[in-house]
2 protein chains.
Amino acid sequence: MAKRAYPLSKVYGLLETGPVILLTTGDGQRANVMTLSWHSMLEFEPPLVACVVSDRCHSFGLLQASGECVINIPTVEIAKQVVGCGNCSGAKTDKFKKFGLSTKPARTVAPPLIEACYASLEARVIDTRMVESYALFVVEVQKAWVDSSLKDPRTLHHRGYGRFMVAGETIKLPSKMR
Amino acid sequence: MAKRAYPLSKVYGLLETGPVILLTTGDGQRANVMTLSWHSMLEFEPPLVACVVSDRCHSFGLLQASGECVINIPTVEIAKQVVGCGNCSGAKTDKFKKFGLSTKPARTVAPPLIEACYASLEARVIDTRMVESYALFVVEVQKAWVDSSLKDPRTLHHRGYGRFMVAGETIKLPSKMR
């Protein structure tokens with residue numbers, strides 16, 4: 001995808017719809033990617049995001065060690081790869097190779113951007129106080145890349161057990177909300 | 001909506017798609033409702049949910065005081081009311097009356113269920129450690145009510161400034177994920 005730099009002030013609009021994300025982690029030597037649905041915006045700007053990464057996941061150790069990740073947002077075109085990444089462990093598998101997910105170096109962090117995703121958000125862990133209780137990492141987005149030619153990206157929204165709601169039409173109502 | 005008791009083990013599937021919710025708060029005397037998009041599942045069972053409720057909102061005080069809320073999930077049919085609730089304050093307005101939102105008493109908490117929502121989750125605050133930093137309340141769902149006749153509820157997913165993605169089709173892929 002032809003992603004370009006994207007204003008940090010608009011990042012919340014990409015995530016507050018609740019899409020499944022592909023989280024990349026790593027330290028420059030090793031890298032991994034996991035499928036994740038449990039996340040929430042916490043602040044508009046700088047964009048703060050809460051991500052739940054279970055300590056049963058291989059990514060947990062990588063995220064804790066480097067404190068860096070990239071939040072990649074896939075669309076329905078790569079649904080099979082998204083499910084594939086959620087169904088095996090990076091401890092045993094090079095998922096990028098297995099699922100044919102090409103990567104590109106990030107600008108500000110070690111984990112890579114996934115080319116086939118329409119948006120990639122480079123982020124750094126800024127708060128680990130809720131990791132022990134809820135495996136919840138607070139990350140701050142440093143740099144955002146988006147293919148803005150996709151006006152209505154057909155993001156995936158997990159309903160459980162491999163059932164995904166695919167983003168439908170967008171409606172606009174008069175609103176004072178940001 | 002004809003909501004019936006719903007297994008707590010399946011609650012995560014309602015929320016991890018990232019729908020806009022109508023959060024009701026109150027203490028039995030007063031009640032309020034706000035529109036909210038910043039939430040995340042934290043645990044399957046008992047279902048734990050992180051909700052961001054800004055201290056600029058009237059609901060913040062009610063939630064802090066009673067420690068109780070109901071997470072109501074609306075569909076596109078009441079999009080106007082959803083936006084309306086996000087555009088005025090319960091400090092000055094009885095939003096239930098203003099937007100014609102009928103309510104029903106909850107079973108386990110004081111805040112009411114919203115009849116026009118297809119799902120309502122009665123919940124109690126169990127952790128306020130992240131309220132000061134991020135206005136993030138951790139709540140535990142006590143009791144869930146769902147109109148299961150809606151197989152593919154057309155939930156709303158906020159993209160910013162009154163633009164909502166409406167839930168589209170659901171696809172199913174072979175998966176080992178819960």
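## Basis

This is a predicted model, in which local features need pLDDT of at least 70 and side-chain atom pairs count only at pLDDT 80 or more, while totals for chains, interfaces and linings use all residues. Residues are numbered from 1 along each chain as its sequence is written, and chains are lettered from A in the order in which they are written.

## The interface

In chain A, 58 residues are in contact with 58 residues of chain B (heavy atoms within 4.5 Å). The two chains bury about 5,200 Å² between them, 58% of it on carbon and sulfur atoms; buried area is the accessible area (1.4 Å probe) lost on putting two parts together, summed over both.

The interface of chain A and chain B holds 4 salt bridges (a side-chain nitrogen of Lys or Arg within 4 Å of a carboxyl oxygen of Asp or Glu). A salt bridge joins the side chains of A:Arg154 and B:Glu169, at 2.9 Å from N to O. Strand β12 (residues 163–172) of chain A gives the largest share of the side of chain A that touches chain B, 10 residues.

## Strand pairing

Strand β12 of chain A and strand β12 (residues 163–172) of chain B pair in the antiparallel sense over 7 bridges. Strands are DSSP runs (E, at least two residues), numbered from the N terminus, and two of them pair if DSSP finds at least two bridges between them. A:Ala167 has B:Ala167 as its bridge partner.

## A:Trp145

A:Trp145 lies in strand β10 (residues 136–146) of chain A. This residue is buried, with a relative accessible area of 13% (buried means under 20%, 1.4 Å probe, protein chains only). Beyond its neighbours within four places in sequence, A:Trp145 is in contact with residues including A:Lys3, A:Tyr6 and A:Leu113.

Terms used. Heavy atoms only, no water. Helix = DSSP H or I, 4+ residues; strand = E, 2+ residues; numbered from the N terminus. Buried < 20%, exposed > 50% of the residue type's maximum accessible area, 1.4 Å probe, protein only.
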